[in-house]
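Okay, thanks for coming, everyone.

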Amino acid sequence: SRNTQLNNANSTAYTKLNAVISVYRNKMLLASFAVTAVAAPMITLVNLAGRQEEIMNKASVVFGENIDVVTRWADATANNIGRASSSLMEMSSSLQDTFVPLGFTREAAAQLSTSMTTLAIDVASFSNRLDEDVVRDFQSALVGNHETVKKYGVIINEARLKQEAFILGISDGKEQLDAQQ
């Protein structure tokens, strides 16, 4: 009887303690989920801000004194076509980084880079491809891998290049073309 009462009291206390611990554990789990739910977007924003800074740092280096002109182009184009200006800066920087080593001045390369980026976006839209993929394919074609642009209906071969260079007055049509031509 006295033992039974103590056992019942202990059992009741144990049950109540388990219930309190269970509630506390559930609240802690919910709190950790809430912190994670709030922290994940914050971490994403911090990563995006860092990525944006990297894009602009690269653009500043590859465009040099032309960065203001290219930034204005990216902002205006982004508003007109519904793309992020940072994406346009990234794509045009990548192309700029191809043209300058080919021997173009930074100013001429900047004009080519922005024009090629615009063209790549148009081709991507028309071909139902990703903008970045078309830019990479164009870059590949610029350095000699002409196969990458055949899927867009662009056929480039040596005879065609010489013919266009002759028509544009860049070459006499008999000599080998150099990288800048």
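By salt bridge I mean a side-chain nitrogen of Lys or Arg within 4 Å of a carboxyl oxygen of Asp or Glu. Helices here are DSSP runs (H or I, at least four residues), numbered from the N terminus.

Quick word on the source: this is a predicted model, where local features need pLDDT of at least 70 and side-chain atom pairs count only at pLDDT 80 or more, while totals for chains, interfaces and linings use all residues. Residues are numbered from 1 along each chain as its sequence is written, and side-chain values use heavy atoms, with hydrogens and water left out.

The cut-offs are under 20% relative accessible area for buried, over 50% for exposed, and partly exposed in between, using a 1.4 Å probe and protein chains only.

Now the neighbouring topic, Asp137. Its salt bridge goes to Lys151, closest N and O atoms 3.3 Å apart. That pair links distant parts of the chain, with Asp137 in helix α5 and Lys151 in the loop between α5 and α6, 14 residues apart. Asp137 is buried at 12% relative accessibility, while Lys151 is partly exposed at 46%. Glu147 and Lys150 also meet in a salt bridge, at 3.0 Å, N to O. A search of the whole structure finds five of these bridges.

On to the rings. There are two aromatic pairs in the whole structure; ring centres of Phe, Tyr or Trp (its six-membered ring) must lie within 6.5 Å, and planes under 30 degrees apart are stacked, over 60 edge-to-face, the rest tilted. Phe99 and Phe104 are edge-to-face, 5.6 Å centre to centre with 80° between the planes. Phe138 and Tyr152 are edge-to-face too, at 6.3 Å and 90°. Phe138 is in helix α5 and Tyr152 in the loop between α5 and α6, and both are buried.

Zooming out, the protein has six helices and zero strands. Of its 181 residues, 26% count as buried. That's my tour, thanks!

Definitions and conventions
Helices (H or I, at least four residues) and strands (E, at least two) are DSSP runs, numbered from the N terminus.
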